[in-house]
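My entries follow in the order I made them.

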Amino acid sequence: MADFQLDRLAWDKQGGLLPAVVQDAETLRVLMLGYMDRGALEATLASRRVTFFSRSKRRLWTKGESSGHFLDLVSLQADCDGDTLLVLARPNGPTCHLGSPSCFPDAPGDFLAELGAVVEQREKERPAGSYTTRLFDAGTRAIAQKVGEEGVETALAAVAQDEAALGDESADLLYHLLVLLRARGLALSDAVAVLRRRHGSG
């Protein structure tokens with residue numbers, strides 16, 4: 001993003017301010033809407049922490065400067081008219097001042113990505129009594145065996161049981177696959193990236 005073209009943005013349309021929609025880079029949930037002037041955008045690009053122009057305080061405001069719940073910049077792009085920004089960021093805690101992950105209570109997101117983040121946290125912290133902890137403690141071979149078992153059970157449910165059973169077994173398979181990927185240092189996004197490349201080449 002070092003070559004982001006600030007001069008190509010439509011600063012004059014809205015009095016020098018551009019609306020900036022912030023999404024969670026992992027779950028794609030919309031987190032908040034803020035406004036950036038040129039200084040806020042430059043500060044965001046330089047510090048890699050999302051910074052806005054506060055219309056009430058009349059100054060630059062880095063999200064999290066009081067709470068510590070910063071938004072770490074992942075990527076930034078302008079829309080086709082150059083008058084709106086889309087910011088992908090990794091939140092460090094809740095984004096909303098009310099303590100919610102998003103300022104939009106029912107904003108949709110990718111639940112598998114959320115679950116993957118929980119799995120990653122379990123691997124790091126290994127909380128006692130957690131089934132996920134037991135899986136990681138058992139090792140990659142045992143986790144792989146469990147994925148194999150769940151795959152067979154999913155296939156059997158597809159041919160011999162009802163839709164509810166197939167849904168249950170599919171959920172078990174996806175969960176254990178997330179754990180296996182994490183055990184090998186991967187995430188579901190890595191598998192999705194392969195699918196995206198294949199789709200593009202097909």
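**Second largest pocket.** I began with the second largest pocket, whose volume is about 280 Å³ in this predicted model. I listed its lining and got 15 residues. Nearest its centre lie W61, K63, T95, C96 and H97. I then sorted the lining of this second largest pocket by class: six residues are nonpolar, six are polar and three are charged.

**Largest pocket.** Next I took the largest pocket, at about 970 Å³. Its lining counts 34 residues, and E26, T27, A113, E114 and A117 are the closest to the centre. Which elements give two or more residues to this lining? I noted strand 6, helix 2 (111-125), helix 5 (163-183) and helix 6 (188-201). Helix 2 gives the most, with seven residues. By class, I wrote down 16 nonpolar, seven polar and eleven charged residues for the lining of the largest pocket.

Strand 6 had come up in the pocket lining, and I followed it to its partner. Strand 5 covers residues 71-78 and strand 6 covers residues 85-91. The two pair in the antiparallel sense, over seven bridges. I picked Q77 and found L86 of strand 6 opposite. Six residues sit between the strands of this hairpin. Among the residues of the hairpin, G82 takes a positive phi near 70 degrees.

**Hairpin of strands 1 and 2.** I checked the pair formed by strand 1 (residues 18-24) and strand 2 (residues 30-36) in the same way. This pairing is antiparallel, with six bridges. L18 has M36 in strand 2 as its bridge partner. Five residues lie between strand 1 and strand 2 in this hairpin. In the turn, L28 has a positive phi of about 65 degrees.

**H176.** Last, I looked up H176, which is found in helix 5. Is H176 buried or exposed? Its relative accessibility is 3%, so H176 counts as buried; the cut-off for buried is under 20%. I then searched for polar partners. The side chain of H176 makes a polar contact of 2.9 Å with the side chain of Y131. A polar atom of the H176 side chain also lies 2.7 Å from the backbone oxygen of D172. What else is H176 in contact with, leaving aside neighbours within four places in sequence? I listed Y131, L135, I143, K146, V147 and E150.

Methods: Residues numbered from 1 in each chain as written. Predicted model: local features only at pLDDT ≥ 70, side-chain atom pairs only at ≥ 80, totals over all residues. Heavy atoms only, no water. Pairing = 2+ DSSP bridges. Helix = DSSP H or I, 4+ residues; strand = E, 2+ residues; numbered from the N terminus. 1 Å grid on protein atoms, 1.4 Å probe; cavity = no way out; pocket = protein on both sides within 12 Å on 5 of 7 lines; lining within 4 Å. Points joined across faces, edges and corners; volume = space filled by probe spheres on them. Nonpolar A, V, L, I, M, F, W, Y, C, P; charged D, E, K, R; others polar. Buried < 20%, exposed > 50% of the residue type's maximum accessible area, 1.4 Å probe, protein only. Polar contact = N/O pair within 3.5 Å; in protein donor to acceptor, adjacent residues only side chain to side chain. Contact = heavy atoms within 4.5 Å.
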